[in-house]
Amino acid sequence: MSIKGIFPIDKWNFRRESILAGLPESDLTGLMAHRLEQVYDKGEVIFREGGFPQGIFFIVEGKIKKFKVDPAGREQIIYVANTGELMGYHAVLSEERYPDSAAALEKSRVAFIPKEDFLDILDRSPVLSRRLLKTLSHEFGVLANAVSLFAQKPARQRLALHLIVLREKYKVDFSPGMPVTITLSRDDLASLVGATRESVVRMLTELKEEGILETKGRKIIVHDVNKLIRIADFH
């Protein structure tokens with residue numbers, strides 16, 4: 001089922017439509033003229049926090065986790081980026097180092113676009129400029145909501161909300177009534193939720209007993225998103 005109208009998904013998820021979708025052909029051609037595509041295996045790092053940006057990254061296919069590592073070496077996933085999304089452009093625009101790291105959550109194909117090409121097309125394309133500004137504004141709102149989530153909500157509600165968002169990202173050839181399978185390690189899910197692995201496993205077991213989902217190895221199969229929405233308790 002679609003959750004539009006019963007859950008404010010846009011408050012928690014970056015927009016599904018790519019910034020590059022429908023871009024004028026001349027702009028897209030210039031942007032992609034010198035791109036380099038690479039396939040990354042699960043866990044392979046695409047860029048690291050603190051590195052100098054040489055360009056931006058376009059996810060052709062796959063899912064990428066953006067994360068930070070604390071002084072104790074603990075990883076905190078900030079966001080899961082999906083096919084069609086751009087990464088790394090914040091650092092290019094601000095002329096600063098990468099504020100976070102990115103690694104593949106599954107086998108993914110990513111195009112590297114040189115910084116010079118990106119900035120040149122951005123200067124010449126009012127369409128890309130408007131879309132990028134709109135996207136940056138929306139991303140700020142999503143991340144502000146995420147900060148509020150960690151500060152105010154218990155782990156069970158955080159887990160429910162992240163499962164709702166992940167369900168949207170993992171939809172493939174979806175029809176109403178179909179279950180959606182999320183493929184994510186328990187460690188990555190715990191990092192995303194901001195809880196221990198043990199707590200996440202326990203909460204997943206509880207949700208399984210309530211008939212909301214089932215688990216098969218790394219797979220989490222969501223059957224009843226309505227119950228997740230009630231647990232998340234966001235309006």
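Colleague: Which residues do ring pairs link into a cluster?

Modeller: In this predicted model, the cluster linked by ring pairs consists of Phe47, Phe57, Tyr98 and Phe112.

Colleague: And how many aromatic pairs does a search of the whole structure find?

Modeller: That search returns 3 aromatic pairs.

Colleague: What about charges over rings: where does the charged end of lysine 63 sit?

Modeller: The charged end of lysine 63 is placed over the ring of tyrosine 170, and its distance from the ring centre is 4.4 Å.

Colleague: Which residue has lysine 65 over its face?

Modeller: That residue is phenylalanine 67; lysine 65 lies over its face at 5.4 Å from the ring centre.

Colleague: Changing topic to the sheet with β9, β10 and β11: what is the strand order?

Modeller: The order is β9-β11-β10, in an open sheet of 3 strands with antiparallel pairing. Its edge strands, β9 (180-183) and β10 (213-216), each pair on one side only.

Colleague: Over how many bridges do β10 and β11 pair?

Modeller: Strand β11, residues 219-222, pairs with β10 over 4 bridges in the antiparallel sense.

Colleague: Which residue in β11 is the bridge partner of lysine 216?

Modeller: Lysine 216 has lysine 219 of β11 as its bridge partner.

Colleague: Finally, which helix lies across β10 and β11?

Modeller: Helix α7, covering residues 197-209, lies across both strands and runs at about 125° to β10.

Notes:
Residues are numbered from 1 along each chain as its sequence is written. This is a predicted model: local features need pLDDT of at least 70, side-chain atom pairs count only at pLDDT 80 or more; totals for chains, interfaces and linings use all residues. Side-chain values use heavy atoms; hydrogens and water are left out. Two strands pair if DSSP finds at least two bridges between them. Helices (H or I, at least four residues) and strands (E, at least two) are DSSP runs, numbered from the N terminus. Contact means heavy atoms within 4.5 Å. Axes are lines fitted to C-alpha atoms, for helices over the stretch in contact, and angles run from 0 to 180 degrees between N-to-C directions. Rings of Phe, Tyr and Trp (its six-membered ring) pair if their centres lie within 6.5 Å; planes under 30 degrees apart count as stacked, over 60 as edge-to-face and the rest as tilted. A charge sits over a ring if NZ of Lys or CZ of Arg is within 6 Å of the ring centre and within 35 degrees of the ring normal.
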